[in-house]
Amino acid sequence: MSLPSVSTLSKWMPGGGRNVGLLVTLVLGLLLISLFSPQYLSLDNGLVVALQISFVGIASLGTASLIIGGNVDLSIGSQYALCAVSAAMLAKELPVPLAWIAGILLGATLGLINGLMVWRINISPIIITLGTLTIYRGIALRITNGFGVRGVPKSFSWFGQAKFLDIPLPIWILVAFALVAHLILHYTTQGRHLFAFGGNKQAAEAAGINGRRLVLASFALNGALVGTSAVLAASRFGTAAPTFGNGFELDVIAAVILGGVAFTGGEGSITGVVLAVILLGVINSGLISTGIDPHYAQVVKGAALVIAVTLDQLTQEQQERHRKKLAFQERFPTA
Amino acid sequence: MSDPTRTRSDAQPVVRAAGVTKYFGGVRALENVSLDLIPGEIVALVGDNGAGKSTLVKILSGIYQPDEGNIWLGETEVRQLDPGRAREFGIETVYQQLFLCDNLGAAANVMLGREPVRARFGPLRFIDNKRSVNEARKHIAELGIELDNMIAPVRRLSGGQRQAIAIARSTVNAHRLIQFDEPTAALGVRQTRATLDLIQRVAARGVAVIMISHNLDDVFAVAHRIVALRLGRISLNTPLDQTTREQVVACMTGVSFGKEAS
């Protein structure tokens with residue numbers, strides 16, 4: 001029996017060679033970990049890992065869309081904290097389901113505020129959202145006085161701890177949202193226009209695409225997903241602290257870039273992002289289960305990212321050379 | 001060379017500029033410019049840098065509004081032509097920078113902003129990819145270009161193919177007037193020839209064409225009428241066969257290089 005070659009696989013896989021690479025790395029990683037720690041490859045442990053990654057995973061869907069459209073939001077860690085503490089605090093005053101919803105809507109609003117500023121003020125979204133990163137964190141610290149929220153009703157925990165068919169709700173939400181995001185990005189005019197806008201803003205607008213609507217919608221949706229993730233996490237813990245989500249943006253953006261989304265916009269797939277989220281989760285938990293110093297997980301995750309973008313760059317440069325050769329042949333057909 | 005449009009010189013203009021004047025601050029970019037654009041006719045717009053060629057093209061595509069004078073779309077006088085209205089009427093401009101999305105395929109670029117929809121779900125519109133590819137292929141084929149791969153990102157394509165895609169995209173909508181802003185400036189000899197062929201095919205379908213060019217070889221190869229601008233005024237507006245290179249250059253620069261050859 002012969003194995004299909006990598007080039008056949010990359011044609012068959014959505015997202016091409018990058019996703020094949022991620023899948024192969026993931027399978028090799030799992031095999032390697034199970035050699036050292038045979039109990040790692042069990043259903044129970046799979047669910048534990050899946051639950052761990054679902055929070056970063058849900059947010060990464062929004063951030064992937066945002067970066068594909070040529071933007072980025074660095075304040076998501078602070079949005080995460082502000083949504084989590086707000087939902088927990090509101091749960092003491094409001095009916096609990098309203099507190100969950102309010103936390104999610106707050107995320108959408110915080111994202112929308114960023115989007116409005118990015119659209120109105122012609123400055124890099126990196127700078128603007130670096131500012132709101134500090135502002136949103138500051139607000140979260142102020143309204144909690146820096147402490148975790150106390151006296152949250154027990155019923156607040158249902159959302160994050162519920163299970164269907166023995167599978168925790170956050171995993172279901174990640175799977176459902178990933179499917180929807182995949183459909184929107186790759187099959188609808190909205191998704192197509194987001195890719196177009198991220199690829200060449202001027203060309204997209206010359207074709208009559210409403211850039212303002214795209215930018216605002218992608219920031220607001222990203223915020224709503226961050227809010228969902230934050231409310232799920234707060235609910236799972238039964239409370240929230242203003243220090244929630246420190247470094248969250250780095251985990252999310254690392255997964256998105258490792259998943260093949262170009263930081264310059266216009267390239268990427270949800271399949272790749274989900275694979276990268278799983279891979280990073282496996283590296284994290286796998287290294288711990290094999291008994292290696294967990295601090296190495298950081299090193300391995302960072303190295304995976306650097307290797308992936310290096311491979312990307314080399315492929316792109318090769319394609320560029322190929323294109324230049326074509327252009328030369330077209331100009332001087334006899335050469 | 002036979003010229004099917006010569007007989008159309010008395011046809012109804014599809015777009016008209018009537019006495020258009022445009023100021024930028026104190027600078028008069030265009031002064032009392034009147035121009036009739038007739039279906040199927042290729043008008044070459046020539047002139048020195050700053051003569052007002054691009055300003056005129058931008059007024060006709062609704063990006064700038066004239067300070068005096070009017071634009072007529074068919075029988076309708078339009079006071080404030082905006083880009084949406086111009087596009088709706090069927091006026092498109094192909095810019096030198098091409099304006100392609102390098103990350104998308106040929107079909108996606110040609111159909112951008114008007115993707116055929118297969119199904120709707122709330123605000124979501126699902127693209128009919130098969131129809132999109134077929135329609136794009138049809139538009140590209142109408143320009144006499146064969147393109148195998150409609151899906152691969154256009155960054156992998158050659159300059160000539162990219163030019164064809166940009167023109168095809170404009171022709172999808174430009175059933176009345178298409179304006180080319182220096183279409184051959186960045187191209188080699190062969191690609192230039194191919195692009196000029198494309199422009200002739202577009203005109204042959206009954207679309208009015210404006211072509212800004214600095215290259216008189218190109219102008220004399222395809223234009224039916226030549227309009228020279230100098231310091232914002234029309235200094236020459238004549239059928240191609242009633243003028244010479246010397247006269248065109250003289251009208252562009254204001255410098256006479258001796259008598260015309262008779």
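1. In this predicted model, chain B contains an open sheet of six strands, ordered E6-E9-E10-E3-E11-E12, in which the pairing is mixed. Strand E6 (91-94) and strand E12 (233-239) of chain B form the edges, and each has a single partner strand, so one side of each is left without a neighbour in the sheet. From one strand to the next, the twist averages 20 degrees.

2. Within this sheet, strand E3 (residues 42-47) of chain B pairs with strand E10 (residues 208-212) of chain B in the parallel sense, over four bridges.

3. Two helices deserve a look here. Helix H1 (residues 53-60) of chain B packs on the sheet and touches E3, E6, strand E9 (177-181), E10 and strand E11 (225-230) of chain B, with its direction making about 150 degrees with that of E9(B). Helix H8 (residues 245-253) of chain B also packs on the sheet, where it touches E3, E11 and E12 of chain B, and its direction makes about 30 degrees with that of E11(B).

4. Turning to the nonpolar core, the largest one comprises 166 residues, of which Ala84(A), Ala88(A) and Val209(B) touch the most other members. Helix H11 (residues 211-237) of chain A supplies the largest share of this core, namely 13 residues.

5. Which residues are in contact with Ala84(A), leaving aside its neighbours within four places in sequence? They are Ala230(A), Val231(A), Ala233(A), Ala234(A), Ala240(A) and Phe244(A).

Note on methods
Residues numbered from 1 in each chain as written. Chains lettered and ligands numbered in written order. Predicted model: local features only at pLDDT ≥ 70, side-chain atom pairs only at ≥ 80, totals over all residues. Core = buried A, V, L, I, M, F, W, Y, C linked by C-beta atoms within 7 Å. Buried ≥ 20, exposed ≤ 12 C-beta atoms within 10 Å, placed from the backbone. Contact = placed C-beta atoms within 7 Å. Pairing = 2+ DSSP bridges. Axes fitted to C-alpha atoms, helices over the stretch in contact; angles between N-to-C directions.
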